[in-house]
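Visitor: Before we discuss labels, please show me the model.
Guide: Here it is, with its sequence.

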Amino acid sequence: KNTEPLSGERIMNIQILMSTYNGEKYIRTQLNSILEQEYQDFDLLIRDDGSTDHTCEIIKEYAENYPNITWYAGENLGVQKSFFDLILKANLEKDYYAFADQDDKWLPGKISRAVSILDTYSEVIPVLYCSDKIIVDEELRPLKITVSRVMKKPSFGNALVQDMCTGCTAVINKALLTLMRNRIPDYVIMHDWWFYLTASCFGEVYYDEKSYILYRQHGNNTSGAMVSRHELIRYRIQQLSKPRGEIYRQAQTFLEVFNRKSPKCEKSGVNPPTISPTNRELITDLLKSRVNPVYRLKVIMNPRFFRQKTSDNLVLKLIILIGKL
């Protein structure tokens, strides 16, 4: 595809941010798929999260052969903090920022599709683009999926209780990256969930129902996708039997990070954007529901709180009722 600009158009520059950890088995496939993208106006910044295999040697080899690849090695922080460190190191001269895992394979039009969508938004609005994915096995063969992955609509109420953004499909604009860069959280369930929360609260989210990535499922995945009803039921039973509270904690962190009245904000010296009255009510009601039965009923009855699938929505109401979000 020709990415030369038409008269008067400016090419949008992309930075791809990749975190790696002991990824020697699959990383060449991923790096090659990125280098083979139709859209070529990008550079790739890789942070290695303390690998003990040959991942760094492979990355070094690619960086020596491709001038648009740079990398650095860091201590083992875990996937969430590793990606937030990449956000802090990102080049603010870029227009858009894509996130990459080490073990997937991007289809040729992945970046160009995201750019075509993001270009339709004002650059001053924080925007998150994310998409569906093709789930494959270790050999990149598509898996049979028996669990519905239909996504109805993004919203802040949904973001508080469910993540609909898979990080390796995420592409964001500079406005969103800058907003998150100034407010790195102490706690998140997953970094991509934080992207979704922030964009849905202060900007826009575009969910693309088409897939532009082969999402590899294997034993070393940090997180995987549910492909069968049996897996999903087993996961739900396991989650209900464990101590819970992660969603409440993440919501509390979000409120603290973006609350003008919080000591953390005053200490940083950078004023956060204002959470709208509607969104503030949603997050405070959710937090009160952890200990107050009246607010539990209020949250259950509020249609703004929902998960994307009907069955998941019923489970959500049960979890809220017993205070185990």
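Visitor: What share of the 325 residues in the protein is buried?
Guide: Buried residues make up 52% of the 325. Buried means under 20% relative accessible area, exposed means over 50%, and partly exposed lies in between, with a 1.4 Å probe and protein chains only. This is a predicted model, in which local features need pLDDT of at least 70 and side-chain atom pairs count only at pLDDT 80 or more, while totals for chains, interfaces and linings use all residues. Residues are numbered from 1 along each chain as its sequence is written, and side-chain values use heavy atoms, with hydrogens and water left out.

Visitor: Why is tyrosine 187 called buried?
Guide: Its relative accessible area is 16%, and buried means under 20%, so tyrosine 187 gets that label. Tyrosine 187 sits in the loop between helix H6 (174-181) and helix H7 (191-202). Helices here are DSSP runs of H or I with at least four residues, strands are runs of E with at least two, and both are numbered from the N terminus.

Visitor: What is tyrosine 187 in contact with, leaving aside neighbours within four places in sequence?
Guide: Trp194, Glu246, Arg249, Gln250 and Thr253. Contact means heavy atoms within 4.5 Å. Glutamine 250 is 63 residues from tyrosine 187 in sequence, with 6.5 Å between their C-alpha atoms.

Visitor: What makes arginine 28 and glutamate 61 a salt bridge?
Guide: The rule asks for a side-chain nitrogen of Lys or Arg within 4 Å of a carboxyl oxygen of Asp or Glu. Between arginine 28 and glutamate 61 the N to O distance is 2.9 Å, so the pair qualifies. Arginine 28 is in helix H1 (residues 27-35) and glutamate 61 in helix H2 (residues 55-65), so the pair ties together parts that are 33 residues apart in sequence. By this rule the count comes to 10 salt bridges.

Visitor: How do you know that aspartate 285 is buried?
Guide: Aspartate 285 has a relative accessible area of 4%, and the cut-off is under 20%, so it is buried. Its salt-bridge partner, lysine 298, has its side chain at 3.1 Å, N to O. This pair links distant parts of the chain, with lysine 298 in helix H12 and aspartate 285 in helix H11, 13 residues apart. Lysine 298 has a value of 37%, which lies between 20% and 50%, so it counts as partly exposed.

Visitor: Which residues of H13 are buried, and what puts them on one face?
Guide: The buried residues of H13 are Asp312, Val315, Leu316, Ile319 and Ile320. Seen down the axis of H13, they fall within an arc of 140°, so they line one face of the helix. That arc is taken over the directions from the helix axis to the C-beta atoms. Thr310 and Leu314, on the other side of H13, are exposed.

Visitor: Why is isoleucine 322 called partly exposed?
Guide: Its relative accessibility is 44%, between the cut-offs of 20% and 50%, so isoleucine 322 is partly exposed. Isoleucine 322 is placed in the segment after helix H13 (310-321).

Visitor: Which residues of H11 are buried, and what covers them?
Guide: Asn279, Leu282, Ile283, Asp285, Leu286 and Leu287 are the buried residues of H11. Their cover includes helix H5 (156-161), H7, helix H9 (246-257) and helix H12 (293-301).
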